[in-house]
Each structure stands twice: as structure tokens, then as C-alpha cells.
Number of protein chains: 2
Amino acid sequence: MADLPEIVEGFGPVTPTRAARGAVPDKRMPSLAEAIRATGLRDGATVSFHHHLRNGDAVLNLVMDALSAAGLRDLHLAVTSLFPVHAPLIEHIRHGVVTRITTSFISGPVGAAISRGALAVPVTLTTHGGRARALETGQMPIDVAFVAAPAADAMGNVSGRLGRAACGTLGYPMVDVGVARHVVAVTDTLLPYPLVPRDIPQDKVDHVVEVPSIGDPQGIASGTTQPATDAASLEIAGNAAAAIRASGLLQDGFAFQTGAGGISLATAQAVGHEMQARGTTGSFACGGITGFHVKLLEAGLFRALMDVQCFDLEAAASYARNPAHQGMSAAAYAGPHVGGAVVDRLSAVVLGAAEVDLDFNVNVTTRANGMIAGGSGGHADAAQGARLTIVTTRLIAAGYAKIVPRVTTLTTPGATVDVIATEAGLAVNPARPELAERLRHAGLTVLSIEDLHAKAAAAATKAPPEKSRGPVVAVSEYRDGSVTDVIRRIEEG
Amino acid sequence: MADLPEIVEGFGPVTPTRAARGAVPDKRMPSLAEAIRATGLRDGATVSFHHHLRNGDAVLNLVMDALSAAGLRDLHLAVTSLFPVHAPLIEHIRHGVVTRITTSFISGPVGAAISRGALAVPVTLTTHGGRARALETGQMPIDVAFVAAPAADAMGNVSGRLGRAACGTLGYPMVDVGVARHVVAVTDTLLPYPLVPRDIPQDKVDHVVEVPSIGDPQGIASGTTQPATDAASLEIAGNAAAAIRASGLLQDGFAFQTGAGGISLATAQAVGHEMQARGTTGSFACGGITGFHVKLLEAGLFRALMDVQCFDLEAAASYARNPAHQGMSAAAYAGPHVGGAVVDRLSAVVLGAAEVDLDFNVNVTTRANGMIAGGSGGHADAAQGARLTIVTTRLIAAGYAKIVPRVTTLTTPGATVDVIATEAGLAVNPARPELAERLRHAGLTVLSIEDLHAKAAAAATKAPPEKSRGPVVAVSEYRDGSVTDVIRRIEEG
């Protein structure tokens, strides 16, 4: 031991080193119950989850069962998205295990239950970027983040590229593990240390729990991830692609996002053909990524894919093999607090809609009757970020008009929507007269939004449902935490 | 605009969304001066730098000049290491631009100046892991982190794999960018957005500044990064390798770190031959990585390289092409606060020494006369983490004994050192009698540390210098922030 002064001026009090060796560290826990105990989780805490396994996810249900069995109550569930597979959550809500939910998207029975008043406290519906902001600014502290880990090692290195349920990038938990007080990786594929290459490094993970299965990889590709082929969809996609072509934005460096729906992908297909014909090389395609986007990358039409979440197994496989298929966190993807996210560099985005209104506002949160059946996800983020935001929609669906005087729920503000593409033609936001001019000049059918509404109303066979006046069951937040709309309790059923 | 209540029970006050489009974001700044202004940096602030360009680094000098020109004074310089190339820093110390320094290693004129009392406040010498701990626990807040970026794009994505001074992994600034109030990337290679693959993502960077050159890539490989070939070094390396062979640790899963010095690499070479002969496959080699380690990986002797910093251009090239050559942050590498760092999973580490004493304490911080000429870097981290820590040293150097009664400066506590390997044989820490027995049983020359000291003293031609009794000029911290020793002012010169 060195001979040390008790205090050093300009440094402070001196604590002499007493160095010793410890045991070989190992973060494995024998069960979820033990891991939960180790985190010191208490009633009222916030637990976070991510949805890369989408409708194949088993981790949220497993962990919620363990939290319930541990006697925990009054939990705040901060989950990036909820799917039909998460229906067992309704029981946990009934028993008071979960009393608050913050999420960016809900499809399936949980949305219906919430719409009928299952929770006393309104659900907060965030955008993907808004959630990242709430986490990284400290507005929504996370007590324990549970990571569905397709592969992990004993020290908490996590990979989305390996394992039975390899889902590709892990863009959502990348944010959570940076801020959570505790992080638990849940895996069904424990690999020798050190796992390489990893998507989440060991220093961000506290505990590792092995379970028989984290889910069904086939459930990752829930919903369409193929271009639509029916006539009406192709008409809409053709109109959307024509708008992009005429916009002047389709030049080298073009940056593009589409949803994973059939119309969006059919639009991307048409845009891809145009790029090929022109010899245009785009900079990047971003968002949730499908095998279709991988084809665009591999055809050389884009230099890079920026991927927060793989929407199918082809995308996951590409991420694992191709360095130009880059993973990114939700903060990098869409955070409004990072001085410019990836979405803020988009040339164009093609998005879907449940409803569009005369102010170009878009609803992707509820059905026409007000039932929760979605949420922004990255919709509002990308719409604000892109130079050109195109919303594609049919005029009617299931007999209801989709172009309406006022959306049932406002998810994405009309001020950030430039073009509505339908099978009857295009409407351009009056705030963009120069764009309308370009589209008309290119010979495209440009109608007023009122014209589209009139056509939709004429084609509709059902009257729009009454808007509910019940108590608020959910609040739809914008990227910055302001409120776009509230969702009220439904009295039906 | 939706019709919103002013307050929602269970949610709070409602701020209605006022969405608008912004300009296309771009983080480029026309000059360092403008970037510094944009950070709002003030007198007394803490600025951080990293040393991946080692003795080729131009960024620290460029930025310090700009900070000085901006009239800033009394800055705290938090830099991972300082090299001879940073000699201009002495002028900034003289003029009061820098009045405090925290670093893990100093070689060259700055160390000499500090030893002669250039700074009024003692320098804090941290370990690589201890620095990461101080940053991530909030003990050492960083106002502005400057990142020497071999390549960057206009949004702050940074790559160490591309550009004229591609240095490979960026393990040190990975920690800084996560905690700093502002981050400025300084690059000489601005690439089209988005740069892929990137090592630091855009959401962690605030400003990007282009400069003519961030440094000389040839300076990265400062010091030896080839195995030694002289007889004495090979004798020491042979003894060290024999100790590893006899330790029982050389089995599948073996995890290994060596320094980049000639004796360390010669030891690694001998260990590699033994692994090849036995058909042993190691798990990982870690630390600063050289082309020599790359050969071990490519020969299949290790499954992975865990790399906080590339020590030569061969290593940088391997990192860019091989996913099994994994980058890691300083926190993951050596942080004592992460529940188990990579060093804590080491089977064996081979480290150098300026001096070793009868308690197995090691000095790599000062020369025998007390002049600062090094620092722990990862030395103390790896010594504590490894199951077997071997320190290699000649008995004498420049006429002075290297095995001494008490080290001039205690960098790495003897409680974490198991074996001293010299050309005259091995000494085993008395705390490890079972290890001494194994080594003897294998026929190795095991002497007492007192024997080694006696041999060194007999061979020495110069008497040990007097230990200085001047005021404290530096404090050597351990991983956990406790103090291993203080360094006092030198009166010579």
C-alpha cells in the first residue's frame, strides 16, 4: 500500500485503494421471478417492452404473468406496440396488475377493451419519435426494461441477428436500455460468451433469463408485406408514384419511406421502376423495412437502408448480412429532440390512413366508430419530417367514406400532409400551391379535397357513426408531447 | 384542429398540437470557432477528447487552439490519453486556457511539464474503466465532447472505418457522446448522408466541422506492435507463456488480453502456437488490438476480438471488414460499474511494467525518478478482471533495477497481480500458492519476488533515485475512484 496523504489540495479527500479480485461475473438468473426480484420492482413502477416480434411476441405475456405472480400491482406498461397476441393483458388490467399504458400502436382485443373503458387512467398514445423523446428527456422514467432477445450471452450481449426468432434490428429497446434503471434480457437462445456481433452491448443489460421460447418468428410478418396487386390499389399506388415523379424530388439522393401495407409497397415498386428507368440512385430508404426494401437496396436503387424494425424475415436476414442495411434506434429514426432525425431527412413518405379529412388531417388511431385499432407508430413523425408526405387511401371501406369532413381521431396533423392519393385522383394541400401546379403540369388528375370527399360520400353506403361523447380513454400525443386528440369511451357492445 | 379539453383527468393539462414543417436539418458548422460558439462553452467548462489517433492526432491541438482563440480560460481537459504530439498543450496550460486535466495516460513533453509543476491543480490519472465510470455515474460531467471522426456526414453519423485516417473502433468517445451536454464531430472526410455503417449515430452528435486533416494515420501505430525478437524478450515471453500453459486456464473458451508491446506480443505468439498445437479455441482476445491479434482471429484461435481501440492499421482494416472483430465502448471494456465488463471475463492478461515491487505492485505511471511517462490506461482494469495476471519485465533497464523494494508510483495493486515473468524466471504472488505449485510441477523456474529483486539489484549499475517529496502534481485513481498513489513534483531540470 502506498503512503498516502489524507487529502490532496485541488483533488479532495483520498480513499486508499483496497483492490481485490471478484468471482467471474455472470448475469444469468434462473427464472423471470428471480430476475424481477433482483430488479427491486415495486407496485406502481414503469415496465417497458418492445414489439420487434410483433404478433409473434411471447415475452410480454410471459413477463406480465411473472409480474402478476410476484404480486405486483398498479404497474405502468410502456410498450412500443400491442398486437392481438397480447390479449392476455386484458386479464392483468382487470386484476389491477396494469393500471396505466403508454404505447404507440394497439391492434386487437386490448384496443377494444380500452375503448370500452377497461382502464381508469387514459392510455397515452405516443409516436415512435415522441416515445424516444419522453424516455431520453427523463419525462417517462423506466424502472425495468424487458428486452425480447433473439440471442444473448451470459453477460447480456444481445443480438437480433441470431437465434430461432431472429427479428433483425432492435431499434426500440436501444433507447430503453440507455435510460432504464434495470434491464432484463429474455432469450430462448443463449450463446457462448462473447456473442458477436451484438446489437445491444453487455454494459446496458443487468440480468439475462432463459425461457423456452420468446415467440413465433412467423408472427413478425403480421399483415401484408407484399405489394398489392388488385386494380384499385394499383390505381392509388400509380397516382401516388406519379405525384412523386412529378414533384421534382426524384433525383440522386432521394430518401424514401413507405409503410409495409400493400398500397405503400406497390407505390414503392412503381417509384423503383421509375428510378431504374431514370438511372437515379437514392440515398436511403427507412422505417420498418421489408424484403421488398431489401430488393431495392440490392438492385442499387438506394445506397442504404436505415432500419428501426424489420417487418419480415427477409429483412431480418438482410440486416444480418449486409452492412449497408443499418440498424438505428427509435431516437435516431424519429426523435424530435435529437437535432434532426432520419425521418427529418426524408424526401418523400407514403403513408396509409383510416380516415382523411377536409383539413388533410389523418386518422390511423381509431375506426370510424372511435374504437382504438392502431396509433401513430412513426406515421406522424415521418409526415412532419418528409419534404413530401403522400397519404394513400381508398374513397370508401366497408361501406363507410374514408374522406370525411372531420376525422374521428386526429393522429397526424394536416399541416404535415401534402397529397392525398385515391383511386379517383390526387388532392394537394392548399398550403402547397406550387406542388399542385407541378402535378397539374405533369397531367395528373388533381382534385380538391372537397371533391374527393363528395365522391367518397356518394360512394358510401353507410352513414358515418356518431362520435362518442363518453369519458376520455386515451390521449393521442404528437412528437413533441402536445396533444393531437383524445379518444372517448365507446358505448356499443 | 381537434376539439380538445383543457385538462384530462389522469393525463394532465392538454397542449394542443401546432404542427409545422422545419427546414432540412444539417449539423455542419463552417468552423471550429462557430461550433464552439454554438455549444455555449464557458470558462471553467470540461471538454473531452479521445486518443484513437494516438501520436497522429491533430484534433486536440486544433480544438485547443480554437478554444484559446475564443478567449476561453480555466478549462478542464478530460482526454483519454496524451501523446508527444500534444506538446502544444503546454502553451495552453501556461496561458491559463487549461488549468485541470483528467487522463488515463500521458507520454511525452506534457507529462514532463506536469511533473515539473506546470499545473496548480493535480492531474487526475484514471484507468480506462474508471474514466467510463466517472462519466456514466455523473461524477465527471462533460460539457463538450470533441470526436475525432475519420468520416462523418452532415447529420453527425460518424465512422472509424472510412476516411483518410480510418482508425477503426471508437470505443472511448462512445462513452463521452452518451453523456456530454454537447458533441462536436471534427472530420476531414465528409461523406454523403447517410454514412453507413456508422460507429456513432447521428442522434448523439450536435455539430459537424470539416477540417483539412484530423491527423496522420501513420501515427496510430506509435510504439511497437510486432512481437519482440531479441533473446532477452523471447526468454521473458517464453516464461510468461509457460506460466499460462501450466496454469490450467488454456482450455476452450480461453479469453486473453495482451498489451501491444513487443514482449506481450511475443507471449501471445507463443500462446497462439500452444493453442494451435493443442487444438484449443479461445473465446475472445480483447483490449487495444493489433494486426497480430487479427492473425490469431483469422487463424481460428479465437472466436472474436473485442476491440476498444485499434493499435495499428491492420487492426483498423480488420474491424471494417470482419463482424467477429467487434467494437466496444470503454464502459463495456473495463467499466467497474456495469455489473461485469469484458476485462472481468478474461482468463489471462499479459501486461508490462516500469517497476514491480516486493508486494507485486506495478508502476506504469512514472519513471524511477518520478517523472510522469505513462498511466494505467487499461492496466489496472485488466489486472483486476483477469483470472491470471502476468506482468512481464526485464530485471533492469538503463542501469536501474526494475524489481524494487517499493514502486516509485503504485499504478496496479499487487493484490491483482499473480505472476512476475522475467528473463531469470517467474515469481508467484504468495496469495496464490496453488498457482506456484502448478508452475513448479510443470518444471518452471519459480523464484521468490525477493530473489528476483536481489538479482535485479545485483545487475543494476545505478542506484535508485530519491523519491521526490515535493507537492502533489497528479493523483493516480483506481477503477473505483479510490487512490492508488500520488505523484509529486520533480525538482530536477
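Where is the place of A:Arg54 in chain A? I found A:Arg54 in the loop between strand 4 (46-49) and helix 2 (59-69) of chain A; helices (H or I, at least four residues) and strands (E, at least two) are DSSP runs, numbered from the N terminus.

Before going on, I noted that this is a predicted model, where local features need pLDDT of at least 70, side-chain atom pairs count only at pLDDT 80 or more, and totals for chains, interfaces and linings use all residues. Residues are numbered from 1 along each chain as its sequence is written, chains are lettered from A and ligands numbered from 1 in the order in which they are written, and side-chain values use heavy atoms, with hydrogens and water left out.

Most residues other than glycine have a negative phi, and most peptide bonds are trans. A:Arg54 is buried, with a relative accessible area of 12%; buried means under 20% relative accessible area, exposed over 50%, and partly exposed in between (1.4 Å probe, protein chains only).

I also looked up A:Ala398, another non-glycine with a positive phi, about 50 degrees. A:Ala398 sits in the loop between strand 21 and strand 22 (400-401) of chain A. At 63% relative accessibility, A:Ala398 counts as exposed.

In chain B I checked two cis peptide bonds. One runs from B:Tyr193 to B:Pro194, with omega near -10 degrees, and another from B:Val196 to B:Pro197, with omega near -15 degrees. B:Pro194 lies in the loop between strand 11 (182-187) and strand 12 (207-210) of chain B, and B:Pro197 lies in the loop between strand 11 and strand 12 too.

**Where the chains meet**

How many residues of chain B are in contact with chain A? I got 80 residues of chain B against 80 of chain A, contact being heavy atoms within 4.5 Å. The two chains bury about 6,100 Å² between them, 56% of it on carbon and sulfur atoms; buried area is the accessible area (1.4 Å probe) that two parts lose on being put together, summed over both. B:Phe11, B:Arg21 and B:Arg345 supply 13% of what chain B buries against chain A, more than any other three residues.

I counted two salt bridges between the chains, each a side-chain nitrogen of Lys or Arg within 4 Å of a carboxyl oxygen of Asp or Glu. One joins A:Asp418 and B:Arg21 (2.7 Å, N to O). Strand 28 of chain B gives the most to the side that touches chain A, with five residues.

**Inside chain A**

Which residues of helix 14 (residues 449-459) of chain A are buried? I listed A:Ile449, A:Leu452, A:His453 and A:Ala456. Seen down the helix axis, these buried residues fall within an arc of 100 degrees, so they line one face of helix 14; the arc is that of the directions from the helix axis to the C-beta atoms.

I then went to A:Leu395, in the loop between strand 20 (388-392) and strand 21 (396-397) of chain A. A:Leu395 is buried at 9% relative accessible area. Not counting residues up to four places away in sequence, A:Leu395 touches residues including A:Leu452, A:Lys455 and A:Ala456.

**One buried serine in chain B**

My last stop was B:Ser104, in the loop between strand 6 (98-103) and helix 4 (109-115) of chain B. B:Ser104 is buried, with a relative accessible area of 0%. Beyond four places in sequence, B:Ser104 touches, among them, B:Thr126, B:Thr127 and B:His128.
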